[in-house]
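Hi,

Here is the structure I promised to pass on to you. Have a look at it first, and then read my notes below.

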Amino acid sequence: MTTRATRTPRRRTVVALAVILSILAAFIVRLVDIQIVRADEHVSQSLEFIAHGTPIYGDRGAIVDSNGSVLAESVAVYDANVDPKVMNLLETDEKNPPKIPWAEAAQRIAEITGVDAEALRTGVEAQHAANPESQWYQVKTGLNAEQYIQLKELKADGVKYLHFEERETRVYPNGAVAGNIVGFLDGSGSAQAGIEKMDDQCLAPTNGEESYRTGKDGVIIPGSESRTDAVDGGTVQLTINSDLQWYMQQMIAEEAQAQGAKGGTVTVVEVATGKIRAAAEWPTMDPNDLDASSSDTWGSKLFTYPFEPGSTFKAVTAAAVMENGGVTMTSPTVSASSKEKFPNGAVINDAFVHPTFQYTLAGALIDSSNVALSKFGTMVSPDVRYDYLQRFGVGETTVGFPDEASGLLHPTNQWDNQSLYTTTFGQYFTVTAPQLAGAYQAIANGGEKIGLSLVESCTAPDGTVVTPDAPSREQIIQPQTAADLTRMLENVAVQGGNAERIQVPGYRVTSKTGTAQIPDGNGGYKQGVYYTSMVGFAPVDDPQYVVVVTLDEPTRVTSSAATASAFQKAMTQTMKTYRVMPSSTPMDALLPKFE
């Protein structure tokens with residue numbers, strides 16, 4: 001039998017349980033209502049939360065030369081602004097006047113930023129008079145960190161209406177040194193040219209973000225904050241030596257102007273590695289001040305301008321006939337006058353008038369006889385000569401520079417009666433200066449052609465170093481052929497018409513000139529003007545560096561002799577820069593030019 005005493009607690013327990021179950025049932029009903037019955041309505045309400053995101057900007061990576069000297073870097077600069085409305089409120093507050101009156105503040109701001117104090121005062125006051133609600137007047141942009149710190153201290157002293165905007169800007173500490181190679185960015189920070197564009201994937205930062213969500217009332221929703229840090233760009237190291245580059249740019253500017261030329265270039269390539277140590281040109285541009293130069297100088301003519309190499313490529317014809325036509329340096333010989341009409345009707349001229357000579361191959365190179373080279377060249381088939389032009393790099397880009405020209409090499413079925421011969425002495429195809437340097441690198445390197453390179457590495461912010469794929473290496477001619485070509489090219493330097501002007505004291509040097517006609521745009525050539533070049537390497541007994549010099553339409557001396565002084569200076573400076581040991585063995589006996 002249940003007593004009253006025991007029934008009361010039990011009844012209370014039942015009541016409490018019923019209450020709990022009722023509350024639980026209410027929660028379940030509400031949950032079903034939220035997640036199922038009225039799900040669409042509540043989702044739409046949730047979307048009324050406001051998402052906020054603030055980008056976190058990373059720094060663009062630096063570009064440095066082979067020794068680590070900075071050629072391009074990103075730095076923080078600051079734009080200073082004044083709030084005219086706040087300035088006026090503080091200035092007219094009689095009960096709590098500003099610690100530093102506006103007249104004095106304007107003077108101090110002007111001293112720090114380098115603007116005119118009176119112009120600043122009148123400008124801010126005029127802005128406020130025109131629009132009392134205006135809260136922005138720009139004082140100056142591009143302030144450095146020291147100026148920013150001084151202005152911050154001034155603001156802390158009570159100049160509350162000072163405001164700053166931090167931004168990144170690109171600076172080029174060496175100015176025009178390698179400017180055409182380094183390139184530049186546009187106003188939005190996008191790479192436009194040069195290494196900036198070529199290696200943008202390494203240099204460009206990955207921006208981060210700081211984000212959170214708020215309700216309609218602007219209160220941050222707990223737990224909604226998140227942050228993704230920015231990753232700075234990597235550092236690109238070039239093969240360029242900026243000290244050598246500086247000298248070459250100064251020198252070629254002087255030489256080109258002295259010769260009345262439109263422009264000039266100097267390319268220096270390391271024989272054993274194919275690394276480009278200097279790629280200088282004039283006119284040049286300073287990436288810090290693009291407006292100071294013409295837009296047609298903003299790229300690199302050295303990489304983008306193809307030209308007919310002329311006699312510099314007679315060495316390639318010589319290689320082809322020595323390896324496939326049974327020709328040596330001194331035999332057989334060919335009979336050549338200064339102008340001849342060939343059986344197919346083609347007429348070939350030499351650059352100087354001379355009687356009929358019985359030329360050796362060495363003599364044909366030394367005198368640079370077009371007629372003799374035409375006869376030697378046709379001792380092998382056009383297809384063989386085409387193959388050798390390809391082997392030496394004609395028609396292929398070198399380093400993948402933006403807008404780099406590949407040069408033009410017509411297939412042999414397009415060679416007509418004239419070009420059958422002109423292709424033996426560097427006409428009817430085009431190359432760039434780096435391609436020419438690459439061809440002579442192979443000769444200097446015992447016949448092994450190594451792909452040229454301009455970039456050493458990309459170093460990520462965490463120290464990870466990524467190097468480009470190893471350059472291609474190919475034995476394109478036999479070592480003995482390369483040795484014979486080297487000997488003949490040294491004889492060109494010693495017995496040729498520029499011998500005295502290109503001597504480098506203490507060093508045995510090779511050389512070959514080229515005088516290219518310039519297309520007139522109408523299917524013909526300009527009259528009386530040429531694109532001249534000279535290429536060579538040194539020391540002959542241990543080749544270390546190839547030097548190529550070009551001049552665009554020199555007018556004082558129109559032949560390739562115009563490049564002699566620049567070539568001699570460029571080769572001399574290269575030997576000094578790299579402390580190359582002078583030649584230790586004497587030159588072999590001079591080669592005969594004639595039979």
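Two residues are in contact when they have heavy atoms within 4.5 Å of each other. Keep that in mind for this predicted model: among the contacts in the chain with a separation of 6 or more, 72% are between residues 24 or more positions apart.

Now for the overall build. The chain holds 19 helices and 21 strands. Its radius of gyration is 37 Å, while the globule rule gives 25 Å for 595 residues, so the chain is more spread out than a compact globule. You can see this in the C-alpha trace, which spans about 140 × 85 × 50 Å along its principal axes.

What about the surface? The accessible surface of the chain is about 28,400 Å², and carbon and sulfur atoms make up 51% of that. Of the 595 residues, 47% count as buried.

Finally, a detail to look for on your screen. A disulfide is a covalent bond between the sulfur atoms of two cysteines. The count here is 1 disulfide, and it joins Cys202 to Cys458, with 1.9 Å from S to S. Cys202 lies in helix H9 (residues 200-203) and Cys458 in strand E16 (residues 455-459), so the bond ties together parts that are 256 residues apart in sequence. The torsion about the S-S bond is about 90°, which means the disulfide is right-handed. Are these two cysteines buried or exposed? Both Cys202 and Cys458 are buried.

Enjoy exploring!

Note on methods: Residues numbered from 1 in each chain as written. Predicted model: local features only at pLDDT ≥ 70, side-chain atom pairs only at ≥ 80, totals over all residues. Heavy atoms only, no water. Helix = DSSP H or I, 4+ residues; strand = E, 2+ residues; numbered from the N terminus. Rg over C-alpha atoms; globule rule 2.2 N^0.38 Å. Buried < 20%, exposed > 50% of the residue type's maximum accessible area, 1.4 Å probe, protein only. Areas by Shrake-Rupley, 256 points an atom, 1.4 Å probe, with all protein chains shown as cover. Disulfide = S-S within 2.5 Å.
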